[in-house]
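Trainee: I am new to this structure and would like to learn how to read its features step by step. Could we begin with the overall picture and then turn to particular places?

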Amino acid sequence: MDYTSKGFDETNQQTDLGAVIRNGREILFQGFNWESCKHDWWRNLERKVPDISKSGFTSVWLPPATHSFAPEGYLPQNLYSLNSSYGSEHLLKALLHKMKQHKVRAMADIVINHRVGTTQGHGGKYNRYDGIPLSWDEHAVTSCTGGLGNGSTGDNFHGVPNIDHTQHFVRKDIIAWLRWLRNTVGFQDFRFDFARGYSAKYVKEYIEGARPIFSVGEYWDSCNYNSHGLDYNQDSHRQRIINWIDGTGQLSAAFDFTTKGILQEAVKGQFWRLRDAQGKPPGVMGWWPSRAVTFLDNHDTGSTQVIGSCLFVECISGQFDPLFLWSHVFQFINMGPAGMNFHPYPDWIFTGAVWLDSSGPIPDLIPYNPNLCLILSFSVYAHWPFPSNHIMEGYAYILMHPGIPSVFYDHFYDWGDSIHNQIVKLMDVRRQQDIHSRSSIKILEAQSNLYSAIIGDKVCMKIGDGSWCPAGKEWTLATSGHKYAVWHK
C-alpha cells in the first residue's frame, strides 16, 4: 500500500510542538549504519527515498551531516560545514529535497555534548575553536574535561572537550545553529546524541528555540543485571529514561533501551519477561508509550562494526593524547595501520592503555612501560545486537504494540527482500488497523516459549514457537512468518 500522503500539516506542527506526539502515528527509519560513511551515502539514500516513502515511514534519522574529526560524524568540529564523509553539501540538499517531495521528514543527528577543538588553550589542551564558526574559547568547555567553564550537568564523554551548556553564549549559538538546520538546511526532526551528557532542561530550551516537528533523545545507560544475567525488574532503568523525558518538558521522546534489553532476552525462550508485575509491557512503552521510541538495533548495537586487533604504538616520554588516539582509531579501521600517524600532544599524561568500545572511549588503565610503548587494544563490534534469528519476532512485537517504532537500515535493506517485505507488511497492518503510540494492550500469554496480546480491539498477535491462536471466528490472519503471527477483526 502506498502511504506517500501521510496527512501531516507542517504549517500546523511548526506552531504546535506537540502535534506529532499527540497524533502518535509515527514510524521512524534509521537511515544508516556505522560504516555508511564509506559508501557515498547521500546518493544511496536518495535512490531509496521513493521506497522509504511508499513503505510508510514518516521520518528518516540521518547520520551527523556536519564536519567531524571522525568520518562517522560523532566527533564534530565545524558545525556549519555540511561537507562530510557521507557526501557534499550539494548531495545532502538534493537528498533533503527528494525527501520533502515524497513527504518524508529528515531527522538531524544533533551531536552537541562534545566538540573537538582546533587550537590549544588553557593547560595546553585543544579546548579552543579558533578559525571556524562558533569560535568559542575555553569557557565553552566544562572544567571536568579541560576547560574553564563550569562543571558538567551530566555524564562526561571521555577524551573529548565536553560543551558547557550552562553558558548563555553557548546556548545562544547552539539555538542559532539548530534554527539554521531547521529553517535553512531543511531538517525537520532532531535526534539528540548522548543525552546523558547534559541536563535535559537544555534539550527543552533547544527544542523551544528551534521548533523541530519531532525530537527523540538517546538516553542510554546500562540495564540492571545480576550474577545470572538480566534482572526481571527493570523499573529503575525505565524510570531514569522517563525522568529525562520529564526534564525536557515532555517535548522529546526517548529511545526505549529498556524494551530493547528485555525483548532481546525474551525471544531466547524467556517470553515471561514481556509482562511486568502489573501486567503491562516492561519497558518505557509500558509506562509512557507516547514518548517511547522502540527499536531492535541501531548503528551502535547491531551494525556492521567488526572486531579490530591489538596495535602497538610508540610512546614518547609517556605523554599521550587520548583524543588524538580516538580520532585515529577510526582511520585505522578505515585505512589500516598506514592511516595511523601518531605524534603525541602533551595534553594528558597517560600511564596506561586505552580500551575503546563502539559507544565511546572508556579509559581502562593497564600497567605498561611508558619508555617502551603504549599497547592499545581495541575492539569495534556490534556489542549489544538483537539475536539475528529472531529479528522478525522483534519487529512483530514493536510494530504491533503501542509506542513509536523505529526500523534499522541494515534489517530493511541488507538482510534480503523477504525481511524487507515482511516488515512492510507489518507496517501495513499497523496503519490499516490504526495502531498508534497510545493504543491499549492486553497481554494474554507470557510464557517461556509464547507471548500473545490484543492491541486496541482489532489486532491480536503472538510470537514464539508455542502454539496459539485467538478464539472466535471474527479473527482473520493478517500476516505471519517464522515464529510470529498477526490477526485482525
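This is a predicted model: local features need pLDDT of at least 70, side-chain atom pairs count only at pLDDT 80 or more; totals for chains, interfaces and linings use all residues.

Mentor: Let us begin with contacts, where a contact means heavy atoms within 4.5 Å. Residues are numbered from 1 along each chain as its sequence is written, and side-chain values use heavy atoms, with hydrogens and water left out.

Trainee: What is the mean pLDDT of the protein?

Mentor: pLDDT is the predictor's confidence in each residue, from 0 to 100. Here the mean is 86, and 81% of the residues reach 70 or more. Over residues 1-5, however, pLDDT stays under 50, and the model has 16 contacts beyond four places in sequence for them. The pLDDT is also below 50 over residues 306-382, a stretch with 152 contacts in the model beyond near neighbours in sequence.

Trainee: How many helices and strands are there in the protein?

Mentor: Helices (H or I, at least four residues) and strands (E, at least two) are DSSP runs, numbered from the N terminus. The protein has 13 helices and 21 strands.

Trainee: Is arginine 238 buried or exposed?

Mentor: Buried means under 20% relative accessible area, exposed over 50%, and partly exposed in between, with a 1.4 Å probe and protein chains only. Arginine 238, which is found in helix H7 (residues 235-247), counts as buried because its relative accessibility is 0%. In the protein as a whole, buried residues make up 59% of the 489 residues.

Trainee: Which residues does arginine 238 touch?

Mentor: Leaving out residues up to four places away in sequence, arginine 238 touches Thr258, Asp276, Pro281, Pro282, Gly283, Val284, Gly286 and Trp287. For one of these, proline 281, the backbone oxygen lies 3.2 Å from a polar atom of the arginine 238 side chain.

Trainee: What residues line the largest cavity?

Mentor: The lining divides into 10 nonpolar residues, two polar and one charged, where Ala, Val, Leu, Ile, Met, Phe, Trp, Tyr, Cys and Pro count as nonpolar, Asp, Glu, Lys and Arg as charged, and the others, Gly among them, as polar. The largest share of this lining, three residues, comes from strand S3.

How values were computed
A polar contact is a pair of N or O atoms within 3.5 Å; within protein, one must be able to donate a hydrogen and the other to accept it, and residues adjacent in sequence count only if both atoms are side-chain atoms.
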